[in-house]
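Open the model in your viewer and keep the selection tool ready.

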Amino acid sequence: RAPLVSLDLLHLSVRTERQWLFLGDRAEYVDGPSEAELIGQTAVALVECNAALAAQGMPLLVVALEGHTANKEPVAFNETLSLQRAERVRADVLFAMLLLPTNSMSHAALQRHVLARGLGGSVKLERCVELRVLPPSEAQVAQEGVHGGIGAVVAVAAAALAEGEGEEGRPSGLSHKPKYPAQVSFSSSGYTDEDAAPPADARAAYGRELRVVQAGALLRLGEPLSLVQLDLPNLEVVSQRQWLFGEGNQYVEPAEEEELLSQVAAALLAVLVECEAQGMALALFAVEGHTWHKQPKEDAHARSLARAQRVRGDILARLLALPAKERGGIGDVQLERCFLALGHGGAHGKGSLVELRVLLPAEAASLVLAAEEAHAQEKETLARSLATVGAEAKKELQALRLVRLEADELLLALLRQFKFQGDAAEYARPEEEKELLDQIANALHTLARLLA
């Protein structure tokens, strides 16, 4: 079934009758459609071999796609380009394997058994991508270097050992694994004017991984949405119209935004549930606010962030209201971490709008880290401010019997709780809550006056 591909397991190689052809110094095929046959046959060979091994109770193959370039450019350039070409072939082979009816492995499992390496121009082979079966010891080392989300990047010591050199380098932005803190504010300010955009090749590689997610998400949605279009290969979520805001972060006509918010929430949920079903890391979305240049920079930034936060909050509210079963078992905390609000002010010259896009995992990780650092700084600044007025505030609030200020912990403690009707969001006895609400308002007013 795969005349262009032959397995030579005795020599740990997978031979192809011809090579993938790339454009110049790029990671794009000369003729994409003409490579489909070789991609498809490579996928068939690997899936059927693994099926035969599984039937015998033997370990599955771990295959490395190893990229090579001509040894004419600087070492760093050669290593990056060779890895990007191996990455391109890997993404296409993984997609083809996943669609085969004979494949029984999840996307995550396939990612751990088909790896990519860039060997640069340090060997005699030029401008090609080879396949090699890794022996168990080397496979274990290589698999430990696989990172989630964008996957596909394995530049580990095993590749360098084949050259008799030191540890292989990793191109920036391609192999970072997100590590989320337990608590983090997602009201990140996002990029500043000086921030660089994510590398185009990294975006393209992740977009190829998301093609299978797009197909599954569209099937889950059923009928096409009238106001929202998924374009995951280009890391975009396109809305057919904009949210209309008044002066601040309030919608001009809240009722008219319901349909757009509901369709966006449905589309993004379909993507997240499909990621979960495929065993992939959940996609991460940025809700990005923009304003006009003519506003002062700080005002423009604050306004754009406030609007992005409003849209993010409204999308999340719709998703969190759904039963866990409809969310594919995705928990509340997981959902919240999938959405970041970013304010760009007028830096990008896009005018007044809010848009959505898919973040690279490495990009999201850096934003989360920045948000966590900003949150820690804000807490430290507030703690210093409260320390200067804490004693006076406690003295003024002594008369309040239901509220107590604990400045050291940045906490306004309530000495009794609100009481609600059953499972509703209505007070059991509204008249009894007035005293507690009045005392909270009094305490907040006092703190604001002292801190001003």
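Select helix H7, residues 211-221. Its buried residues pack against helix H2 (75-99), helix H3 (107-113), helix H6 (200-209), strand E6 (228-231) and helix H8 (254-277). Helices (H or I, at least four residues) and strands (E, at least two) are DSSP runs, numbered from the N terminus. Contact means heavy atoms within 4.5 Å. This is a predicted model: local features need pLDDT of at least 70, side-chain atom pairs count only at pLDDT 80 or more, and totals for chains, interfaces and linings use all residues. Residues are numbered from 1 along each chain as its sequence is written, and side-chain values use heavy atoms, with hydrogens and water left out.

Which residues of H7 are buried? Pick Val212, Val213, Gln214, Gly216 and Ala217. Buried means under 20% relative accessible area, exposed over 50%, partly exposed in between (1.4 Å probe, protein chains only). Now step just past H7 to Gly222, which takes a positive phi of about 75 degrees.

Next, the cavities. A cavity is a set of points, on a 1 Å grid over the protein atoms alone, where a 1.4 Å probe fits but cannot get out; lining residues have an atom within 4 Å of a point. A volume is the space filled by probe spheres set on the points. The whole structure has two cavities of 30 Å³ or more.

The largest cavity holds about 90 Å³ of space. Select Gln84, Glu87, Asp201, Ala205 and Arg208, the closest to its centre of the eleven lining residues. H2 and H6 each give two or more residues to this lining. H6 gives the largest share, five residues.

Move to the second largest cavity, of about 40 Å³. Select its lining: Ala91, Leu94, Phe95, His107, Arg208, Glu209 and Val212. Here the largest share, three residues, comes from H2.

Select Cys275, which is in no disulfide. Cys275 is buried, with a relative accessible area of 0%. Cys338 also counts as buried, at 2% relative accessibility.

How values were computed:
1 Å grid on protein atoms, 1.4 Å probe; cavity = no way out; pocket = protein on both sides within 12 Å on 5 of 7 lines; lining within 4 Å. Disulfide = S-S within 2.5 Å.
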